[in-house]
Amino acid sequence: FPSHDMRRIRYLMSRLLELLEEFLFQEGVKHEQNVKQLYLFDYYEAKNCNKTKEQLVNKIRRESDKSKPIRDNDFLERYRLEELLQRASAANIEEYSKYMKEHFSTAISALDAYYFINKLRHLCSLLNAKNVVQMDVHFALQEEILQITDKGYLSENKLIQTYRLIYKTLTETGNTADYWVLRDSLFQEWQIFNINEAREIFAYVQNFGIKQINLGNSEFNEELFRVYDFGLQSGILLQNGLLSEANYKNITVIGLRSGHLDWVKEFIENYRSYLPEENQANAYIFNKSNYHFYKKEYTEVLKLLQDVVFNYIFYAIDYRIILLKTYFELREREAAESLISSFRLYLIRKKSISAAHKKSNLNFLRLYRHLLFLRKGDKRKIKKLSEMTNTVKPLSNKGWILEKLNEF
């Protein structure tokens with residue numbers, strides 16, 4: 001195309017995008033009844049459409065009396081509508097006095113609830129982030145917020161109760177009592193939350209279970225399996241109809257660890273189509289190979305992993321570990337040694353792998369090599385390797401190494 005035509009095309013495309021965004025906004029807003037009412041009130045007031053405004057106010061009053069806020073945005077909208085009703089009554093001293101006596105406290109309570117729910121939510125987000133990222137962030141009024149939400153009318157709010165439970169599980173590592181209350185609340189009442197709140201609460205429940213397993217609390221293998229099963233049954237784990245690769249992998253692993261092999265086999269097949277299309281094949285092959293490894297069907301593992309390239313970094317690491325374990329079971333020492341060398345180079349050169357994750361896997365390779373050449377009856381070496389396994393930190397697949405040492 002000539003340059004002037006290209007400029008015109010770019011302009012038209014830009015204008016088309018603006019119109020599309022405006023359409024999407026209108027489509028979204030038309031379902032937000034409260035936003036619509038607030039806009040209409042301002043419009044009628046500006047245009048002196050007093051009769052129409054009065055009809056709208058009466059409708060809002062009727063709906064306001066019926067509705068009971070539950071979610072955080074419900075409280076904000078209730079506050080905004082109450083504020084609108086206050087403005088509407090300001091012209092008449094009798095109506096204004098009646099409103100202030102009967103409704104003002106409702107507006108303030110709704111605003112308080114919205115504020116404290118979100119302060120607690122952000123506090124939990126910050127504490128959760130500090131478990132992953134090194135950061136020094138001051139959280140204003142933390143102690144005051146905890147004190148205010150501990151007693152009084154705010155403590156009866158369902159979302160405030162929920163985020164206080166989450167706060168306790170984040171700050172008290174061994175606090176399983178509050179975990180069970182939080183988990184039961186999620187299982188029984190998840191539908192009172194909007195889907196994003198339910199997913200957020202689910203993530204905290206899931207992370208607590210993972211942390212307990214990492215601390216050696218093996219009973220949480222079965223518990224975490226139940227949590228994931230609930231996430232699938234309720235649909236909380238599906239976003240836009242898709243299941244993330246990370247959850248597909250985590251559910252497979254926890255199902256295998258807790259002994260639900262038949263369930264895992266069905267899950268891998270049934271949820272394959274729910275994976276993002278670009279990595280669907282690799283995710284399916286990886287998790288199916290993990291299933292066959294737990295079934296001790298080692299030749300099937302090798303068949304599946306042959307000629308497969310994993311680009312996603314954590315699949316790339318875990319796939320090599322499954323291969324090493326399979327070579328060990330099949331006594332393929334030469335293939336194992338070759339993979340140890342290439343795997344070590346991969347870990348050293350890959351800058352996107354965190355230092356802790358890198359060290360954990362390099363330690364595994366070092367102890368794996370000792371294990372590979374260990375002989376039955378060599379008590380001195382078995383004892384020495386067992387001591388190393390229990391002292392070296394961080395160490396990935398520690399449980400598997402100890403399991404193999406017990407077999408020796």
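These are my notebook entries on a predicted model.

**Ground rules**

I work on a predicted model, where local features need pLDDT of at least 70, side-chain atom pairs count only at pLDDT 80 or more, and totals for chains, interfaces and linings use all residues. Residues are numbered from 1 along each chain as its sequence is written, and side-chain values use heavy atoms, with hydrogens and water left out.

**Entry: buried side chains**

I started with leucine 186. Leucine 186 sits in helix H9, residues 176-189. Helices here are DSSP runs (H or I, at least four residues; strands are E, at least two), numbered from the N terminus. I found leucine 186 buried, at 1% relative accessible area. My classes are buried under 20%, exposed over 50% and partly exposed in between, with a 1.4 Å probe and protein chains only.

Which residues does leucine 186 touch, not counting those up to four places away in sequence? I listed Ala198, Ile201, Phe202, Val205, Phe230 and Ile236. Contact means heavy atoms within 4.5 Å. I also looked up the C-alpha separation from leucine 186 to alanine 198, and it is 7.5 Å for 12 residues along the chain.

Next I took phenylalanine 343 in helix H17. Phenylalanine 343 is buried, at 0% relative accessibility. Leaving aside neighbours within four places in sequence, its contacts are Ile317, Arg320, Ile321, Leu324 and Leu365. I checked isoleucine 285 as well: it is 58 residues from phenylalanine 343 in sequence and 20 Å away, C-alpha to C-alpha.

Asparagine 361 came next, in helix H18, residues 355-372. Is asparagine 361 buried or exposed? Asparagine 361 counts as buried because its relative accessible area is 2%. Beyond four places in sequence, asparagine 361 is in contact with Ile317, Ile321, Leu347 and Ser396. Ile317 and Ile321 are also on the contact list of phenylalanine 343.

**Entry: salt bridges**

I used this rule: a side-chain nitrogen of Lys or Arg within 4 Å of a carboxyl oxygen of Asp or Glu. How many salt bridges does the rule give? The count comes to 17.

I looked at arginine 369 with glutamate 337, where the closest N and O atoms are 2.6 Å apart. This pair links distant parts of the chain, with arginine 369 in helix H18 and glutamate 337 in helix H17, 32 residues apart. Arginine 369 is partly exposed at 38%. Glutamate 337 is partly exposed at 29%.

Glutamate 45 pairs with lysine 53 at 3.8 Å between the closest N and O atoms. Glutamate 45 is partly exposed at 30%. Lysine 53 is buried at 16%.

Lysine 404 and glutamate 403 make a salt bridge, also with the closest N and O atoms 3.8 Å apart. Lysine 404 is buried at 3%, whereas glutamate 403 is partly exposed at 39%. I then noted a network: salt bridges with shared partners join Arg183, Asp184, Glu222, Glu223 and Arg226.

**Entry: surface patches**

I searched for patches among residues with over 30% relative accessible area and no salt bridge, joining like charges within 9 Å and nonpolar side chains (Val, Leu, Ile, Met, Phe, Trp, Tyr) within 5 Å. Lys and Arg count as positive and Asp and Glu as negative, with His and chain ends not counted. I placed each charge at NZ of Lys, CZ of Arg, CG of Asp or CD of Glu.

A positive patch gathers Arg331, Arg333, Arg375, Lys376, Arg380, Lys381 and Lys384 on the surface. Which helix gives the most to the positive patch? Helix H19, residues 379-391, gives three residues.

A nonpolar patch is formed by Met6, Ile9, Met13 and Leu16, with about 360 Å² of accessible area together. Areas come from the Shrake-Rupley method with a 1.4 Å probe, and for residues only the protein chains shown count as cover. Isoleucine 9 lies in helix H1, residues 3-29. Isoleucine 9 is partly exposed at 33%.

**Entry: backbone checks**

I returned to arginine 331 for its backbone. Phi of arginine 331 is near 60°, positive in a residue other than glycine. Arginine 331 lies in the loop between helix H16 (313-329) and helix H17 (333-349). Arginine 331 is exposed at 52%.

Leucine 141 also has a positive phi, about 60°, and is not a glycine. I placed leucine 141 in the loop between helix H6 (104-130) and helix H7 (142-148). Leucine 141 is partly exposed at 45%.

The bond from lysine 393 to proline 394 is cis, with omega near -10°. Proline 394 is in the loop between H19 and helix H20 (398-407).
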